[in-house]
Amino acid sequence: MNRTFPLAGLLRVREVEEDRAAGELARAQRDRAAADERVEAVRAELQGQDPRPANDAAWQAMVAGRAALSALLSESIAARQAAEQQVRGREQDWTAARTRTRAVARLAERHAERVTAAERKAEQAGLDEIAARAAQEEER
């Protein structure tokens, strides 16, 4: 039996694809975490504004600031949703890559088991041959 796994090259390619997919998933998760932080930072800034301005100019500035922060919050929430969709897509990609890798890895495991079984069988046949020769030598 051929000792080398015939699909070893394919297994290496699948492992590289899985690693790449895992890296992209990790990057997407970091992007999602950054988007979550931005949303929370904008919300905290909106909540931290002084509700009682000293004069009309301050009040108008506060209103303009809150409007800008509200728009920024909306953008941040949209970015977070996009990042979440990206994570879900990358999770699906990684799962598919992992499934393809495991399929070939299972074939490699079975091949290794067959090779080991063939080696043991050949070793046992050799031992049996030695024992048979020894028995013939004793009979003479």
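The expected span of a helix is 1.5 Å times one less than its number of residues. In this predicted model, helix α1 covers residues 8-47, and its 40 residues should therefore span 58 Å. The end C-alpha atoms of α1 are 58 Å apart, which agrees with that value.

**Overall form**
- The chain has two helices and zero strands.
- Its radius of gyration is 33 Å, whereas the globule rule gives 14 Å for 140 residues, so the chain is more spread out than a compact globule.
- Along the principal axes, the C-alpha trace spans about 120 × 25 × 15 Å.

**Helix packing**
- Helix α2 takes in residues 56-139, and the buried residues of α1 pack against it.
- Those buried residues of α1 are L11, E18, A21, E24, L25, A28, A35, V39, V42 and L46.
- An α-helix has 3.6 residues a turn, so residues three or four places apart point the same way.
- Of the contacts between residues at least 6 apart in sequence, 86% join residues at least 24 apart.

**Burial and surface**
- Of the 140 residues in the chain, 17% are buried.
- The chain exposes about 10,200 Å², and 52% of this area comes from carbon and sulfur atoms.

**Charge**
- There are 24 positive and 25 negative side chains in the chain.
- The centres of these two sets lie 3 Å apart.
- Two glutamates, E18 and E24, are among the buried residues of α1.

Conventions
Residues numbered from 1 in each chain as written. Predicted model: local features only at pLDDT ≥ 70, side-chain atom pairs only at ≥ 80, totals over all residues. Heavy atoms only, no water. Helix = DSSP H or I, 4+ residues; strand = E, 2+ residues; numbered from the N terminus. Rg over C-alpha atoms; globule rule 2.2 N^0.38 Å. Buried < 20%, exposed > 50% of the residue type's maximum accessible area, 1.4 Å probe, protein only. Contact = heavy atoms within 4.5 Å. Areas by Shrake-Rupley, 256 points an atom, 1.4 Å probe, with all protein chains shown as cover. Lys, Arg positive; Asp, Glu negative; His and termini not counted. Charge placed at Lys NZ, Arg CZ, Asp CG, Glu CD.
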